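The following paragraphs lead from the paired strands to the ligand and then to the surrounding helices. Please keep the model open while reading.

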Amino acid sequence: MMSADGLPPLREVVEKYDLAAKKSLGQNFLFDLNLTGRIARACGPLEGATIVEVGPGPGGLTRALLSEGASQVIAVERDERCLPALAEIESAYPGRLKIVHGDALTTDWRALVAGVQGPVRICANLPYNIGTALLVGWLESDPWPPWYERMVLMFQREVAERIVATPAERVDYGRLGVLSGWRTKARILFDVPPSAFTPPPKVTSSIVELVPRETLLDCNGKILTAVTASAFNQRRKMLRQSLKGLAVNGKTIDALSLLKAADIAETKRAEEVDVEGFVRLARLAAEMTA
Ligand code: SAM
């Protein structure tokens, strides 16, 4: 039986093109149209919007984004076995789907969306093995505001919790929480059970929404990353110890002077410092090594 978009059901597509899931490519496919529709609608009003999707696979989420009204989907897929299935979707939605056969880790995103009219958003059921690397790359985009106006992304629940964590959730709070809190407002929208995927992964997944902050707490991103890396590398230690040896701009910083200048007690641990505190440390570290 055909789906509402005139395309065959996804299970048939996977069979027809022999798309046995590859673990090395983080392939866990979604076949449930209610779920893919819900994820697509989480991207906000789709009319007039261009959606960048990483890893369309057999195209479940791609089809949902198009049938829910996205003006255009630009989808980057590494697995060439998926290309014929995606070409069928391209024919069903003429002029609205652009398939790029390539590696998302080396994609030049700004070049990809150059000349696009209207808002650009990112929506993806990310391959779990490169999800965090892709997110960090998007969060570190320069210049800011970035080329996207929203991200709606699927992660393993444990990663999602680290993305939205604040000092209140000490166990999960770390470099990822500081980086996403500095650049975006992030929240978990809903969970997706293992049974929703083929093959089912071992853990629950979550859909996370990240909306870029327009005005940023001002600091150099690379220095912020260096400070948080140093602080969280020894997260159980007090900052006077974990920041010892911190080097910025090729110069080692005196941890005690830095903490004093930032008005942060030297006995605190990294997990007790909020994003504003880390931004202060990064700004002062830049000043002290200029
Ligand atoms: N979007 C599909 C769905 O929801 O059913 C598939 C999602 S599956 C979790 C991840 C997809 O990312 C796979 O299609 C896989 O081939 C693709 N992928 C893995 N590594 C990639 C990379 N480096 N660049 C682009 N796509 C990649």
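Two strands are taken to pair if DSSP finds at least two bridges between them. Helices (H or I, at least four residues) and strands (E, at least two) are DSSP runs, numbered from the N terminus. The model is predicted, so local features need pLDDT of at least 70 and side-chain atom pairs count only at pLDDT 80 or more, while totals for chains, interfaces and linings use all residues. Residues are numbered from 1 along each chain as its sequence is written, and side-chain values use heavy atoms, with hydrogens and water left out.

With strand β6 (residues 151–156), β5 pairs in the parallel sense over four bridges. Within this pairing, C123 stands opposite V152, and the bridge partner of A124 is L153. Strand β2 (residues 50–54) also runs parallel to β5, and three bridges join the two; here T50 stands opposite V120. Together with α6, strands β5 and β6 make a right-handed β-α-β unit. Right-handed is meant in this sense: with the strands pointing away from the viewer, the path from the first strand over the helix to the second runs clockwise.

A residue is called buried under 20% relative accessible area, exposed over 50%, and partly exposed in between, with a 1.4 Å probe and protein chains only. By this criterion six of the six residues of β5 are buried. V120, I122 and A124 point one way from the strand, whereas R121, C123 and N125 point the other way. In β6, five of the six residues are buried, so the strand is largely enclosed by the rest of the structure.

On to the next pairing: β6 and β9 run antiparallel and are joined by six bridges. One of the opposing pairs is L153 with V208, the latter being placed in strand β9. V208 counts as buried because its relative accessibility is 0%. Contact means heavy atoms within 4.5 Å. Not counting residues up to four places away in sequence, V208 touches M151, V152, L153, F155, A160, I163, V164, R187 and I188. The C-alpha atoms of V208 and A231 are separated by 26 Å, the two residues being 23 apart along the chain.

Where does the ligand sit in relation to the residues? A residue is near a molecule or strand if one of its heavy atoms lies within 4 Å of it. The ligand is surrounded by 21 residues, of which the closest are L30, G55, E77, D103 and N125. A polar contact is a pair of N or O atoms within 3.5 Å; within protein, one must be able to donate a hydrogen and the other to accept it, and residues adjacent in sequence count only if both atoms are side-chain atoms. A backbone N or O atom of L30 lies 2.8 Å from an oxygen atom of the ligand. Taken alone, the ligand exposes 600 Å², and the protein buries 98% of that. Accessible areas come from the Shrake-Rupley method with a 1.4 Å probe; for residues, only the protein chains shown count as cover.

The buried residues are L176, G177, V178, L179, S180, G181, W182 and R183. They pack against α6 (131–139), α7 (157–164), β7 (184–192), β9 (205–212), α9 (221–233) and α12 (275–289).

Helix α9 contains S230, which is buried with a relative accessible area of 14%. The side chain of S230 reaches the backbone oxygen of S242 at 3.0 Å. Leaving aside neighbours within four places in sequence, S230 is in contact with S242, L243 and L246.

Helix α3 (residues 60–67) is likewise mostly covered, with seven of its eight residues buried: G60, L61, T62, R63, A64, L65 and L66. After α3 comes G69, whose phi is positive, near 115 degrees.
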